[in-house]
Amino acid sequence: MNQFLFSTSWALPLYGLVGALLTLPWTVGLIKRTGPRPAAYLNILTTAAALIHGLLVFKEVEGSTPQTYIINWFSCRDLNLAFELDISSVGIGATILIAGLSLLAQIYALGYLEKDWATARFFALMGFFEAALTALAISDSLLLSYMVLEVLTLSTYLLVGFWYAQPLVVTAARDAFLTKRVGDLLLLMGVVTIGTMAGSWDFSDLYEWAQTADLSPLTSTLLGLALIAGPIGKCAQFPLNLWLDEAMEGPNPASVLRNSLVVAGGAYVLYKLEPIIALSPVALDALLVIGTVTAVGASLVSIAQIDIKRTLSHSTSAYMGLVFVAAGMEQGGVALLLLLTHGIAKALLFMSAGSVIYTTHTQDITEMGGLWSRMPATTTAFIVGSAGMVTLLPLGSFWAMLSWADGFVLTSPWVIGILVIVNGLTALNLTRVFRLAFWGETQQKTRRTPEVHWPMALPMVSLTIMTLLVPMMLQKWYLLPTWDSINWYVLAALVSSSLLGVIIGSTIYLHKAWSRSRVLTWRFIQDLLGYDFYIDRIYRVTLVGAVAWLSKISAWSDRYLVDGFVNLVGFAAIFSGQGLKYSISGRSQGYLLTIIFGVSLIGLFISWSLGLLNNLPF
């Protein structure tokens, strides 16, 4: 490997950080005459440099032995904190994907936010976002990965709350931050525990420790559950899944990265932790249960949404649920392949959805219609992205799901059922959205809708071509199965589920004027799915209600017990002082008589106490 490229590979995360720092003069208002555009150009330039640097490093590491780059951070006596970076085809390939999608999303944001007064601040946050994601991709240290995940949590909070003047945006940013903090706190416990047990946070050392570790069932279970808690929050898995739906209140260019890369960041850490989590069968079973519940539940919820971004965000949770199932079955390679194909297709879908929102000024798909003839590039992007999400030949997700299903058709046939259900529901949901938004008659808000201008169209068309080329990339990397190894029954089941979902979505009766069904049974099901199985209300009644009740008890005790006692002592001091004021005569003999009387009382009390002690029988 080229020594210069190896010695500079640690700088890949710095490009995004430098871009964010360069935008600060425009972000804080030091430069006003030029407008915010130069800040966007500088950030795009640094992202392009990161992409070129990553491609050069990937060319050197592709097919070679993975190497590590060690950065010594802090050393004192027995404490030595060093960060290892993973310079391998997987790590560097992930940085290329991050830089490429970030570059397209930032060019897309040039058009989407062209009239926004805080464009410079948005690009600064995007650079911060990109730096954290790139550092996570090449991190080979659990401690560094945890620190970067915390930066991603902060970045998510800031980007979701970008339009902070809107009350719903403030609530969404707060909920996203607090929900992730629940998983991060448990993950921190696991990080500290495993660092103490293994004596290191480097993944290579942890893998060696895991091979000989002798843990009690209770310890391994608690450790495994703590380590998967962080990814559960990051990947929007049940029961920490509501934040991703609320995060759709933020700008759409940030949603492009959030739904394609940020949620995948938590799954990537889960992939890295797989040999350690395998020490706990309970943790593996928890991954299977959580992934299955989220995959099926989120797929059902998505078909009842009328917000175009929320229909796509719930499918993101569903596909991350499939990744959790793959991790629970210790199929890390399949999980990475699914993350790659899903990330590219989902980014394209969100670009298409953002173009629709930009031109129609609405996110309600019941107010849309007939866009296919007015927005051909956007319609093509949505169709290609939808095909890339489900098992339709020859696009990427087909090969990812097929390679997974082939390995478990005999040992775990229930996996095939989960894939078929999720794939069919996803195909139905995307077909439903296409019919309501792009097909049918034009509506009031789509009658004069034009195609988006070139800053939005160029990255969208580029990503459309990239989605179509994913199978060629998989073939180049020898990730496609050979035809003689394919189980044709599994292939038929997966393709049939896609076709069935498309057929049902194409023929089911959809009436834009009916927001709710007139049939009571269907109305109950529609409300159940439309309100996310009432999970937020269950939280209010249970967890939030319990915290509120404890808070009221604490407030009452603080007011009437603690403050009451303190106020009583103060009142007694004031009363005694006021009473003593009227007993002052200025005569010393009176004071002396009072002292003698008090000493006499004390003496009588002591004598009485000693008499009681002498009469005790011992």
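**Salt bridges up close**

Mentor: Lys445 and Glu367 join their side chains in a salt bridge, 3.0 Å from N to O. The term means a side-chain nitrogen of Lys or Arg within 4 Å of a carboxyl oxygen of Asp or Glu. Lys445 sits in the loop between helix H19 (414–437) and helix H20 (454–476), and Glu367 in the loop between helix H16 (332–360) and helix H17 (376–389), so the pair ties together parts 78 residues apart in sequence. Helices (H or I, at least four residues) are DSSP runs, numbered from the N terminus.

This is a predicted model: local features need pLDDT of at least 70, side-chain atom pairs count only at pLDDT 80 or more, and totals for chains, interfaces and linings use all residues. Residues are numbered from 1 along each chain as its sequence is written, and side-chain values use heavy atoms, leaving out hydrogens and water.

Lys445 is partly exposed, at 38% relative accessible area. Glu367 is partly exposed too, at 30%. Buried means under 20%, exposed over 50%, and partly exposed in between (1.4 Å probe, protein chains only).

Now take Arg310 and Asp307. Their closest N and O atoms are 3.5 Å apart in a salt bridge. Both residues are buried.

Next, Arg181 pairs with Glu150, with 2.3 Å between the closest N and O atoms. Arg181 lies in helix H8 (residues 167–198) and Glu150 in helix H7 (residues 142–160), so this bridge ties together parts 31 residues apart in sequence. Arg181 is partly exposed at 27%. Glu150 is partly exposed at 21%. Glu150, Arg181, Asp184 and Lys234 are linked in a network of salt bridges. The structure holds ten salt bridges.

Note on methods:
Helix = DSSP H or I, 4+ residues; strand = E, 2+ residues; numbered from the N terminus.
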